[in-house]
Amino acid sequence: METIWLAIIGVLFTLFVTRDGFDFGAGIIYRFIGGTDAERRTVLNAVGPIWNGHEVWLITAGGALFSAFPVAYASTFSGFYLALILLLWLLMFRALAMGLRSQLTYPMWRSFWGTMLVIGSLAIAVVLGAAPGNLLRAVPLGRMAISSSRSGPTSWSTWRLACWTGIPC
Amino acid sequence: MTAAFVVAVFALHGANFITFKTEGDLQERARALARAMGWRVAVPSAVTAVATYIARPASLQNFLQFPSGIALPALSFATIGPVIWFRRRQCDGAAFAASAASIIFLMLGAGFTIYPNVLISTTDADDLAIYNAATSPYALRIGLGWFAVGASFATAYTIFMYCSFRGKVALPDEGEGEGY
């Protein structure tokens, strides 16, 4: 039964990454491929109606992790607190950029929110990319791991910059 | 390193999606970018695999115990080939499907690497495996039923959403109050 739940959570995260992955990708490349304002709006309209549906799978995966593996959920959300809060803000920030950009026709307004969309999408990809790097590399769980950590008991909760890039630290 | 790799993978996947959904100059630029991104994903993919082993040699443990599992990361790397091949032939849908397949095999490979752990600790005694991190067997069994109900709604919504917005993007006029 435990393996079935792990498979379910894996499928849910895979659904999220394969679907929202192209949303984030479209946000990253949006300024490179969209020469005119109409083309940039076309990019946004390609992902606009579906991106929020994709995030249903992230929420479902989080809910499934909480239901099936509460200890792992608690450790992950405590340990990666900063990264998860950052991800949450970036997702909201990106949604704001997509929603607000075409509400006014001022070039500066559109340019500002377009830039924010690129920055938000890029930063989300960086955070989501650093996560598997840290998970595969192992994290300091447990009393011994924390007390033997070089930066003291808070290192698990406050990532150092090197950890963000997946570099062993 | 994994962060840079994921940025490249998402950019390629996004460019493939845009070629699939658009037409004209925008589609051509997205195709050119996707072609340029193919090798920029293939090389970091191989480097990241080696770096994972260097950072934690024990990550090979499951592959040594079950050698057939090596097929997962191998397929993830190998499906970048069809992405490049389909891209050159301007098969937009197939290139998008191939980049999605590469991500799926990447996720499967990562899952196979850490199984049966959910969180790997720097000290072996503190690993959170599916057996010591799971809730009670009763809760797992009941939860499966509730999950089936919830997931069927989410799946129905996803299918409805994709059916509603299938085909190429039609840009709505400005001021209609809809669209982006």
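**Figure 1. Helix 8 of chain B in a predicted model.** None of the 28 residues of helix 8 of chain B is buried, the number being zero, so this helix lies largely in the open. Here a residue is buried if 20 or more other C-beta atoms lie within 10 Å of its own, exposed if 12 or fewer, and partly exposed in between, with C-beta atoms placed from the backbone. Helices (H or I, at least four residues) and strands (E, at least two) are DSSP runs numbered from the N terminus. At 1.5 Å a residue, the 28 residues of helix 8 of chain B should span 40 Å, which agrees with the 40 Å between its end C-alpha atoms; the expected span is 1.5 Å times one less than the number of residues. Residues are numbered from 1 along each chain as its sequence is written, while chains are lettered from A and ligands numbered from 1 in the order in which they are written. The model is predicted: local features need pLDDT of at least 70, side-chain atom pairs count only at pLDDT 80 or more, and totals for chains, interfaces and linings use all residues.

**Figure 2. Chain B as a whole.** Chain B comprises eight helices and two strands, arranged along the sequence as α-α-α-α-α-α-β-β-α-α. Its C-alpha atoms fill a box of roughly 60 × 40 × 30 Å along the principal axes. The radius of gyration of chain B is 21 Å, whereas a compact globule of 180 residues would have one near 16 Å; the radius is taken over C-alpha atoms, and the globule rule is 2.2 Å times the number of residues to the power 0.38. Of the 180 residues of chain B, 36% count as buried. The mean pLDDT of chain B is 86, with 96% of its residues at 70 or more; pLDDT is the predictor's confidence in each residue, from 0 to 100. The model scores ipTM 0.87 and pTM 0.85.

**Figure 3. The contact between chain A and chain B.** Chain A gives 71 residues to the contact and chain B gives 63 residues; two residues are in contact if their C-beta atoms, placed from the backbone, lie within 7 Å. On the side of chain B that touches chain A, the elements giving two or more residues are helix 1 (2-21), helix 2 (24-55), helix 6 (92-114), strand 1 (117-119), helix 7 (130-133) and helix 8 (137-164). Helix 1 of chain B supplies the largest share of this side, 14 residues. By class, the side of chain B has 40 nonpolar, 16 polar and seven charged residues. Ala, Val, Leu, Ile, Met, Phe, Trp, Tyr, Cys and Pro count as nonpolar, Asp, Glu, Lys and Arg as charged, and the others, Gly among them, as polar.

Figure 4. Chain A has eight helices and zero strands, and 49% of its 169 residues count as buried. In helix 2 (residues 37-47) of chain A, nine of the eleven residues are buried, so the helix is largely enclosed by the rest of the structure. Among the buried residues are A:Glu39, A:Arg40, A:Arg41 and A:Asn45. Their cover includes helix 1 (2-33), helix 3 (51-68), helix 5 (81-100) and helix 6 (107-137) of chain A, together with helix 1 and helix 2 of chain B.

**Figure 5. The largest nonpolar core.** This core has 85 residues, and those with the most contacts inside it are A:Ile9, A:Leu12, A:Ala26, A:Phe69 and B:Ala11. The largest share of the core, 16 residues, comes from helix 1 of chain A. A nonpolar core is a set of buried Ala, Val, Leu, Ile, Met, Phe, Trp, Tyr and Cys residues joined through C-beta atoms within 7 Å. Not counting residues up to four places away in sequence, A:Ala26 touches A:Val43, A:Ala46, A:Val47, B:Gly14, B:Phe17 and B:Ile18.

**Figure 6. Two loops of chain B with backbone features.** Most residues other than glycine have a negative phi, and most peptide bonds are trans. B:Gln90, although not a glycine, has a positive phi of about 55°. B:Gln90 lies in the loop between helix 5 (80-88) and helix 6 of chain B and is partly exposed, with 13 other C-beta atoms within 10 Å. The peptide bond from B:Tyr115 to B:Pro116 is cis, with omega near 5°; B:Pro116 is in the loop between helix 6 and strand 1 of chain B.
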